[in-house]
Amino acid sequence: AGGILPTLWAAFLQSHPAVQLGLVPSNELENLLARRADLAIRVGPQADSLLKQKKLGVIPTLLVASPAYLDERGYPKHPKELSSHDLILAQPLQQWVLKLFDSKERYTVPITQTPRVRTNDIQLATEMAASDLGITYCPLLQAYDGLKSGKLIRVLPEWTGDPRPVYMVWPQQHYLPARVQVFMQTLQQFAQTNPLLNGVLWSEINAGRSNLPYF
């Protein structure tokens with residue numbers, strides 16, 4: 001989730017020096033019971049009836065590319081023009097459905113041509129976009145650091161994807177030790193106060209009040 005969750009992990013461990021934290025980054029819907037995991041953070045609708053869930057927030061999705069790539073290949077004015085660009089496809093987001101801001105107009109980008117890059121890792125796709133390889137569709141969390149540094153800029157900023165809900169999930173039958181309950185409370189508080197998860201930053205961007213660069 002971009003560069004924000006490692007900050008949370010570090011702060012939590014510093015506050016609880018006796019706790020050991022095992023992290024397994026993955027885009028796959030892994031079996032928590034088989035892995036003996038206490039908790040998972042997942043993005044998107046959760047239909048697993050064996051898991052309890054708590055919504056943490058929503059992540060906006062958007063199109064990004066590097067300034068160098070767009071200077072060379074041109075700035076698309078409509079999603080239809082994406083077909084002539086190099087696209088970087090992250091398989092967890094295989095369908096690019098865009099909505100025009102303040103409108104009911106929607107457009108599904110036909111990913112029919114072979115993408116320039118196809119990967120199962122959203123963060124890697126975003127890093128490749130920052131390396132001038134093409135345009136990718138990703139959550140704001142993954143793009144935030146690149147947008148802030150200027151390595152990425154928004155493409156078609158008036159078009160955005162549907163916000164993706166973020167959940168923490170855990171097995172129903174699994175006993176939650178006190179340390180896990182404390183961590184869940186910490187995670188909830190973090191999500192409620194972080195502008196990347198609670199929607200504040202996205203509102204500022206769309207209202208033109210954010211200093212993040214975009215076109």
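Is F12 buried or exposed? With a relative accessibility of 4%, F12 counts as buried (buried is under 20% relative accessible area, exposed over 50%, and partly exposed in between, using a 1.4 Å probe and protein chains only).

## About the model

This is a predicted model, where local features need pLDDT of at least 70 and side-chain atom pairs count only at pLDDT 80 or more, while totals for chains, interfaces and linings use all residues. Residues are numbered from 1 along each chain as its sequence is written, and side-chain values use heavy atoms, with hydrogens and water left out.

The structure has two aromatic pairs (rings of Phe, Tyr and Trp, the last by its six-membered ring, with centres within 6.5 Å; planes under 30 degrees apart are stacked, over 60 edge-to-face, the rest tilted). One of them joins F12 and F183 edge-to-face, with 4.9 Å centre to centre and 75 degrees between the planes. F12 sits in helix α1 (residues 5–15) and F183 in helix α6 (residues 178–193), so this pair ties together parts 171 residues apart in sequence. F183 counts as buried too, at 9% relative accessibility.

Helices (H or I, at least four residues) and strands (E, at least two) are DSSP runs, numbered from the N terminus.

## Strand β9 and its partners

Now for strand β9 (residues 159–171): eleven of its 13 residues are buried. Strands pair if DSSP finds at least two bridges between them. β2 (residues 51–65) runs antiparallel to β9, joined by nine bridges, and I59 has R164 as its bridge partner there.

β1 (residues 40–43) also pairs with β9 in the antiparallel sense, over four bridges, with I41 opposite M168. For β4 (residues 96–100), the antiparallel pairing with β9 takes three bridges, and L98 partners G161.
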